[in-house]
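This report describes a protein model from its overall composition down to single residues. The sequence and structure come before the text.

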Amino acid sequence: QQALKAEALYRRDKDYSVIDGEVKIIDEFTGRILEGRRWSEGLHQAVEAKEGVAIQEENQTVATITYQNYFRRYDKLAGMTGTALTEATEFMKIYKLQVVEVPTNQPMARRDNNDQIYKTKDGKWGAVVREIEDRTSKGQPVLVGTISVEVSELLAGMLAKSDIKHVVLNAKPEHAEREGEIIAEAGRPGSVTIATNMAGRGVDIKLGGNAEHLTEVELAKQKLEPGSPQYDNAWDEAYPRFEEQVERDREVVVEAGGLYIVGTERHESRRIDNQLRGRSGRQGDPGESRFFLSAEDDLVRLFAGDRIYRILDKLGPTGEAGEEEAIEAKMLSKQIEGAQRKVEEQNFLIRKRVLEYDDVMNQQREIVYEYRDRILEGEDMSGTAREQLPEVVARLGEQYMEGDFPENWDLPGLYTQLEQMYPVGLDLEEMDPNNADRAGLIAELREDIAEAYGDREEELGEELMRALERFMLLQIIDERWREHLHDMDYLREGIHLRGFAQIEPLVAYKNEGFDMFTQLMNSIWEEFARYIFVVELEVESEQPQQAARSNWGGGANTSSTAAFSYAGGTAEEQPSALAAARQSGNGQAVREDYVGEYDEIEVPVHVETRTVDPKEQTGRNDPCWCGSGKKFKKCHGA
């Protein structure tokens, strides 16, 4: 599926660009390269294979959030933009924000002409070239807006054939690195700038040019070093001269009608078109804009309906030279805007649906991140562990003792599972199933694991136990959360098919997502229980300043948890084994100036961890290894 998408739907220089042997994503709204961003689910690899460049590894998602939920985490939200009015409904529904229109500083002098619509793309491009030639001959600067890198290169080739001097601004590195220079010169008389959406929002084109830029170019030609006395003297001499030149050029441009905006295609969003128009007529300057469209443009073809086609078939004339002539009518422009409105509504519904699904993830995200924050802040997790470990054995008990009849229970299997987890104090193998009470047995198991946890704490010491709890929980949570994100993405991908069974997909996603999250939280504590009792710490006093690093995993009941580093403050700011050693004065040599980070268990000695294979462990009810014939718990395990 991803290979088909890469081949048929993703186009070079529109959706992505190949730069230095790498596939880089192009932002559809700004036209800029999205550095460091890659498509997931194998799509980026499929595009790389299509383009014949080196295929890189798949990224693993470690955290995910939608923009909407990210912004809603702020207590207060506000903003200013010149194009929010068309999205006022979305601001109200998603963020509960009202949009208020602020009057312009100076009266708007820009004239927005009706769209000119042609039957074919060739007719449209011919008209665009003729319009640019006509405007530049009068000394009027022209900014041409295109929807993709590909289209900007196509138009640049046409202008080159017509010997019209121009510059191109798009996501390609050779053009993007000259962005400041290109924008500074875009308002000079007779200049032609072909740009993608990069020249949209936030770009201020000054009529007549930019005196500072012209001065910098002149001094660069003289090879003067910025900051030197010669440079400063030359600047003071050249800048007034260029200011006068820019003022004269400005008068020429204003006389010619100001900056002329040429749109070569309507974007799916009216907001993007308004941003392009807004480059002209700033601060009361004169200006003009017009969009040139064809019936073959994607937006018109897909959304504007058959009405425009019928009109073009009846009225689409050709001139004396054989070129197509435009159809220009307010009715047609309204029809195109109606098509844009349809697309905007459709995209809004898509975003709203994505948000509804992410709200499910958001609730889960808040619970998991609250756990992580508590751990990173050095909170004592022993209370939570003492609550959750009995629940782990209770779930195991219910799993192996299903049904009302004891003869159907699998007590040996339960005992095997519990022995792999912790040193069991109950002798389940010698228990008579016919006299067993499930509720009573589970209650005994709860007490037994709580007692074993207390014994483990006595063995390691309270401070070391607290640090070990936090360290292990943090790694287990991160590993399991990454797996959960992948599973939820997989569920989301196919959940829409439930609609064929007359089941609301969102409801099914919520229900199944809740079940998966419950399993996630249960698996975290189950894995914690399997590690906390079997990890052995060996103290090596020769290396007193090396911190502990735990590597566990291996057997059939464990997972390979990768090592990660986390910063949560210094030893002075949170409870640690090092602080306890300082206070206890137990004879261990501890450096007072030692400062450690929380990414490692802070103990004054080197600690190694290892997992003993369950086959090598001696159970509490097994015969003792010494050969006495007694059970281990009655002999050397006492």
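## Basis

This is a predicted model, in which local features need pLDDT of at least 70 and side-chain atom pairs count only at pLDDT 80 or more, while totals for chains, interfaces and linings use all residues. Residues are numbered from 1 along each chain as its sequence is written, and side-chain values use heavy atoms, with hydrogens and water left out.

## Overall make-up

The protein has 20 helices and 11 strands; these are DSSP runs numbered from the N terminus, helices being H or I with at least four residues and strands E with at least two. Of its 638 residues, 45% count as buried (buried is under 20% relative accessible area, exposed over 50%, partly exposed in between, with a 1.4 Å probe and protein chains only).

Among contacts between residues at least 6 apart in sequence, 73% join residues at least 24 apart, a contact being heavy atoms within 4.5 Å.

## Nonpolar cores

A nonpolar core is a set of buried Ala, Val, Leu, Ile, Met, Phe, Trp, Tyr and Cys residues joined through side-chain atoms within 4.5 Å. The largest has 60 residues, of which Tyr422 and Phe528 touch the most other members. Two or more residues each come from helices H14 (330-376), H15 (382-400), H16 (411-421), H17 (438-460), H18 and H19 (505-532). H19 gives the largest share, 13 residues.

A second, separate core holds 27 residues, among them Leu276, Leu299, Leu312 and Ile336. Beyond four places in sequence, Tyr422 touches Val393, Leu445, Asp448, Ile449, Ala452 and Phe533.

Strands E1 (residues 16-19) and E2 (residues 22-25) pair in the antiparallel sense over four bridges; pairing requires at least two DSSP bridges between two strands. Ile19 has Glu22 in E2 as its bridge partner. The two strands form a hairpin with two residues between them.

Asp20 lies in the loop between E1 and E2. Although Asp20 is not a glycine, its phi is positive, about 55 degrees. Asp20 is exposed, with a relative accessible area of 76%.

## Surface patch

Ile65, Tyr67, Tyr70, Phe71, Tyr74 and Leu77 make up a nonpolar surface patch with about 600 Å² of accessible area together. Patch residues have over 30% relative accessible area and no salt bridge; like charges are joined within 9 Å and nonpolar side chains (Val, Leu, Ile, Met, Phe, Trp, Tyr) within 5 Å. A salt bridge is a side-chain nitrogen of Lys or Arg within 4 Å of a carboxyl oxygen of Asp or Glu. Tyr67 belongs to helix H3 (residues 67-71) and is exposed at 60% relative accessible area.

## Other residues

Asp478 sits in helix H18 (residues 462-494) and is buried, with a relative accessible area of 11%. Asp478 and Tyr369 are 109 residues apart in sequence and 9.9 Å apart in space, C-alpha to C-alpha.

Thr196, in the loop between strand E7 (192-195) and helix H9 (211-221), is buried at 5% relative accessibility. Asp163, in the loop between helix H6 (149-161) and strand E6 (167-169), is exposed at 72% and has a positive phi near 55 degrees.

Note on methods. Areas by Shrake-Rupley, 256 points an atom, 1.4 Å probe, with all protein chains shown as cover.
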